[in-house]
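Welcome! Take a look at the model below, and then we will walk through some of its details together.

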Amino acid sequence: KTKKNNPHHMLHFYRKILRDLLANLKFFNYFKYAIGEIILVVLGILIALYINNQNQQRKEQERINKIIAEVETELATNIGVSRVYIEEFAKVDSAYLKLFIDSLKFEDYSYYNDRLFNYSVWPAINVAHKKLDETIGLNEKQESLRKELWWTYTVAYPSVRKVENEFSQTRKKNHEKFMIYDWYTSWKFRKFDDERVMDFFLNNPEYLKIAVENFQLVTGYRITLQDFERRGVKAYKRLYNYLDSLGIKHSDSLEFDYDPKEYKHYLGKYSSKWSSNKNYIHDDSITVSLEDGRLIWNGYRSDRPDTRSEITPINKYRFRDDKGGLYHVEFDEHGEVEGVRYSGGPGFTLDIEKIR
């Protein structure tokens, strides 16, 4: 027998092949185990990165929401201050109407003097909003809040500051005009018993020119403040609802709403009786009604569609509309409303009589 055909040799050959196969199988199993280990490590790293990323995003959202809460507080303060200034400028408006229409008397002047000429700077702040405006990584809801605030702080806010600057320059110019008169010191120190002061401010045509210019600026100042306040209230309510939905600590209650029950004396039917502008076509009739807790002004005309707008109380004696109009409520001797005087500045006033 040859070696090739030897049975023992063939058995040895087959055993060798079996050992090689078993060795390869062991390597393959090890390889699979190693791959499994690598996959587990990679998955662990990915899970750790995901958790870390989620934590970072959560912390970032907490930071952004804290800024939004600061913006809400800042805006609430600005709206509150704006309302104080709007009320003050409404009194100023009343003083100018008294000067130009009803005649300002000697005994009135000492009360109206500061209102006619001296105004403090509107102390609104824009710190928290700037911080939010520069923040990146806002989600969709937060971005919509920023867009809402854009109208308040990028459109209305600068408008107030612009008019305020014009007003400051005009006031300085007026004071320089007064300095040439020998009564200036008395006026500066509020010595209203000086007849020269009274004679100038009650009778001099030069003063009336100055007053018209001031009245125009007062009206512009008030209208821009009302625009800021109106836009601000709308944005504030959205901020409030957003923070409230997340359970984030912020202001305790929704502010800047009025109780319509306190202003029922506005309600009724009116008719226009006098206008400073002869070209103005009056509404046939006007009603002020209470609808869904809001005070609504309706104007009716036979030759055009009816008008409709919400009015906002300033106080018991004055209210405003959303177009910058100011209304002074007039009472009779029994304390009942007998009419309303609308003021749009020196160019236009309108007397409206209450019918019932």
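Let's begin with one side chain: that of Asn139 reaches the backbone nitrogen of Gln142 at 2.8 Å. This is a polar contact, meaning a pair of N or O atoms within 3.5 Å; within protein, one must be able to donate a hydrogen and the other to accept it, and residues adjacent in sequence count only if both atoms are side-chain atoms. The model is predicted, so local features need pLDDT of at least 70 and side-chain atom pairs count only at pLDDT 80 or more, while totals for chains, interfaces and linings use all residues. Residues are numbered from 1 along each chain as its sequence is written, and side-chain values use heavy atoms, with hydrogens and water left out.

**Asn139 and helix α4**

- Asn139 sits in the loop between α3 (128–133) and α4 (140–178); helices (H or I, at least four residues) and strands (E, at least two) are DSSP runs, numbered from the N terminus.
- Asn139 also caps the N-terminal end of α4, with a side-chain oxygen 3.2 Å from the backbone nitrogen of Lys141.
- With a relative accessible area of 32%, Asn139 is partly exposed (buried is under 20%, exposed over 50%, partly exposed in between, using a 1.4 Å probe and protein chains only).
- Leaving aside neighbours within four places in sequence, Asn139 is in contact (heavy atoms within 4.5 Å) with Gln61 and Tyr242.
- Asn139 and Gln61 are 78 residues apart in sequence, with their C-alpha atoms 8.6 Å apart in space.
- In α4 there is a kink of about 35°, centred on Leu149; the bend at a residue is the angle between axes fitted to the seven residues ending there and the seven starting there.

**Nonpolar cores**

- A nonpolar core is a set of buried Ala, Val, Leu, Ile, Met, Phe, Trp, Tyr and Cys residues joined through side-chain atoms within 4.5 Å.
- The largest nonpolar core has 56 residues, and Leu75 and Trp122 touch the most other members.
- A second, separate core of 18 residues includes Tyr258, Val340, Phe348 and Leu350.

**Strands and loops**

- Six of the seven residues of strand β7 (residues 337–343) are buried.
- β7 pairs with strand β6 (residues 326–331) in the antiparallel sense over six bridges; two strands pair if DSSP finds at least two bridges between them.
- Five bridges join β7 to strand β8 (residues 349–354), and these two run antiparallel.
- Asp292 lies in the loop between β2 (285–291) and β3 (294–300), and its phi is near 55°, a positive value in a residue other than glycine.
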